[in-house]
Amino acid sequence: MATLKELSAKKELFTGGHRLCSGCGIPPIVRLILRSTDSPIVATTATGCLEVGSTIYPYTAWRIPWIHSAFENAAATISGVETAYRALRKRGRIPDRDMKFIAFGGDGGTYDIGIQALSGALERGHDFLYVCYDNGGYMNTGIQRSSATPMAAATTTSPAGDVIPGKQNWRKDLTKIVVAHDIPYAAQASPHNWADLSKKAEKALKVKGAAFMNVMSPCPLGWYTKPEDSMKLAKLSVDTCYWPLYEVENGVLRVTYKPKEKRPFEEWLKPQGRFKHVFKPENAHLIEESQKRIDLEWQRLLDLDGKRV
Amino acid sequence: MAITAIKGKTALTGNSAIAYGMKQINPDVCAAYPITPSTQIAEEFSSYVADGAVQTEYVTVESEHSAMSACIGASAAGARVMTATSSQGLALMWEMLYVASGMRLPIVMTNVNRALSAPINIHCDHSDSMGARDAGWIQLYSETVQEGYDNLFQAMRIAEDLRVRIPAMVCFDGFITSHAIENIELLSDEEVQGFVGEFKAVNPLLDVERPVTYGALSLQDTYMEFKYQQSQAISRAKEVVIEVGKEFGKRFGREYGLFETYKLDDADVAVVILNSAAGTTKVAIDELRGKGIKAGLLRPRLYRPFPAVELSNALKHVKAIACLDRADSMSGFGGPLFNDIRSAMYELEARPKIISRIYGLGGRDYKVRDAIAVFDELENVKKTGVVDELMKYITI
Ligand SMILES: Cc1ncc(C[n+]2csc(CCOP(=O)(O)OP(=O)(O)O)c2C)c(N)n1
């Protein structure tokens, strides 16, 4: 893998001057991913913060060919681009060289409305990488809940009310669903651990066939947190084992980071305004139940570490 | 009825003719999803792919929404792209139809006309493509298998013309045309290739030396200019349709204009109708002409863009007109064809009487006697100058 010095010497393919919020997790994720290959890249992005924040006609933050077509179809759109590449290369109409295809989508565009297109593209085995930046909600449209929103989080469609204390469903484990497609590479990553994320992106872009990365993406606006705390919160999501870092490479699962000291889930919740209500005494069970689930899932991953899944 | 191929002709269904035409075009990418009654297009084309008869990369998408999305990705990437669908499939694509036209991607799609649910029905009407009439696609309608086949190549030329660059839809009737075997004149592969020519991609994504951004956010300051340019481009398509039609006629002996007329020049009463039902109407006209009734027909071929001036010129001498729609706008004010034709005629000093008749929904038969009944009504309107019922469902 490239060293930090080498990575930082690479040309920036996603420029500054975009309109994403300060403290947003998306730009470091995108920049790290785009640095993870020396081959030319074509990318697409689902409707959402990244798409809206990286373009406004006539400006673009993308120094690579890029297309946004709609919300639920990033995987289908990139399927078409990648297929055109194979078709035109075969016919000698484009230079005969390796190219990479990446689709970016938020958790809404991936876990929810885009899951069908994603599943289809993974099953067909297009040679591409799908990157989901998971900020736990529809942030672009004003912080509505998604199926990635954590249990009990307050959003504008799962508000903490007098009767219902925020979202009342467990989040969907999309990485598990993706792994069930038996694609050559799937991983979870977080931008605070740039080395782990970059290594995974390198692998994901190297394999032939479909690859998937689910990346934790802090959102100061939607989480009610301070912009300067984003990377700290990303790290806490991993150290509490809410967001385990692992990969499944050709069917074999590997936990890529094991915290020396597993932090209590509360520590991740506490600084986030969206969980304020769960610290009321009557909601204490919400934290307990969440902690139990996290412990179970973490143990499941540890049991599978190094095994074929 | 036994079908025997006559010399120089081949007996093919509408779907087989389209699949064969696609094979002859040999596009770079095809992404399609099966739906009755257009399924055979996807099936037969995938056989051509499996047998190596084409170099096309075929994407077996998991839905029509993804079919159109993949077509958009492939077309923006720089590929020549084709697909086919019907009914619910076209409805599922609806969101992406606007993206394809807004991005000015010259995708060519065959839509085999079928009714929309509910209730679910697999048979012909035009509610699917009529629902997409404002999606910014060129729409060519076809009476016969031959015309559908010929329209496919012309659609490609029109869509890809640099004055236009707008996606195009070729429509014909589900089952009636898609599954009926007709003796048609096929072009040779060389003739097809010579006619459609090589595809020239404009600003392709795969040109990595010159990175472009497709689908940027565009707000109050620029959105309207994009739409204005799109509107200008689709308006220009009309001239290109005529031009391409003439060239096709010169090369292959079959010329199609913006519309077809049948015994319209001296007609007092006329029916305006799309696709296969025009054939039935022509038989009725022949019968009525035998009785001295001056009946005629106009069958629009190009429906989007709408050639309003040409249509109203062709119809202006007629005394009473019935627009027969195989789709209802559910506006309580007649079908879409009626509304467009009637609006086109408004500029005339002396306007004919124009009535709306809805026929053939969900595959309901439209027989010669049904056409005659409409002409009888028109004769009455002509005589009395009075329209009793402006809008009416017939054959119910
Ligand atoms: C078909 C469709 N439905 C709804 C929307 C409105 N919409 C745009 S972005 C978005 C939410 C995006 O959420 P997510 O994918 O999590 O990305 P983020 O906003 O967090 O970047 C929604 C609901 C849309 N553009 N298209």
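View 1. G296(B) lies in strand β12 of chain B, which spans residues 295-300, and the model shown here is a predicted one. With a relative accessibility of 0%, G296(B) counts as buried, because the cut-off for that class is under 20%. Beyond its neighbours within four places in sequence, G296(B) is in contact with Y262(B), K263(B), L264(B), A267(B), V269(B), A270(B), V271(B), I285(B), R289(B) and F375(B).

View 2. Chain B is divided into domain 1, covering residues 8-252, and domain 2, covering residues 259-393. The contact draws 30 residues from domain 1 of chain B and 26 residues from domain 2 of chain B, while the C-alpha centres of these two domains lie 28 Å apart. About 2,200 Å² is buried between domain 1 and domain 2 of chain B, with carbon and sulfur atoms giving 53% of that area.

**View 3. Polar and charged pairs across the domain interface of chain B.** Between domain 1 and domain 2 of chain B, 19 residue pairs are in polar contact, and 6 salt bridges are found across the interface. The side chains of R299(B) and E143(B) form a salt bridge, at 3.0 Å from N to O. On the side of domain 1 of chain B that touches domain 2, the elements giving two or more residues are α5 (127-131), β6 (138-141), α6 (145-160), β7 (168-173) and α8 (223-252). The residues of this side of domain 1 of chain B divide into 13 nonpolar, 10 polar and 7 charged.

Key
Residues numbered from 1 in each chain as written. Chains lettered and ligands numbered in written order. Predicted model: local features only at pLDDT ≥ 70, side-chain atom pairs only at ≥ 80, totals over all residues. Heavy atoms only, no water. Domains from an automatic or database assignment. Contact = heavy atoms within 4.5 Å. Buried area = accessible area lost by both parts, 1.4 Å probe. Salt bridge = Lys/Arg side-chain N within 4 Å of Asp/Glu carboxyl O. Polar contact = N/O pair within 3.5 Å; in protein donor to acceptor, adjacent residues only side chain to side chain. Helix = DSSP H or I, 4+ residues; strand = E, 2+ residues; numbered from the N terminus. Nonpolar A, V, L, I, M, F, W, Y, C, P; charged D, E, K, R; others polar. Buried < 20%, exposed > 50% of the residue type's maximum accessible area, 1.4 Å probe, protein only.
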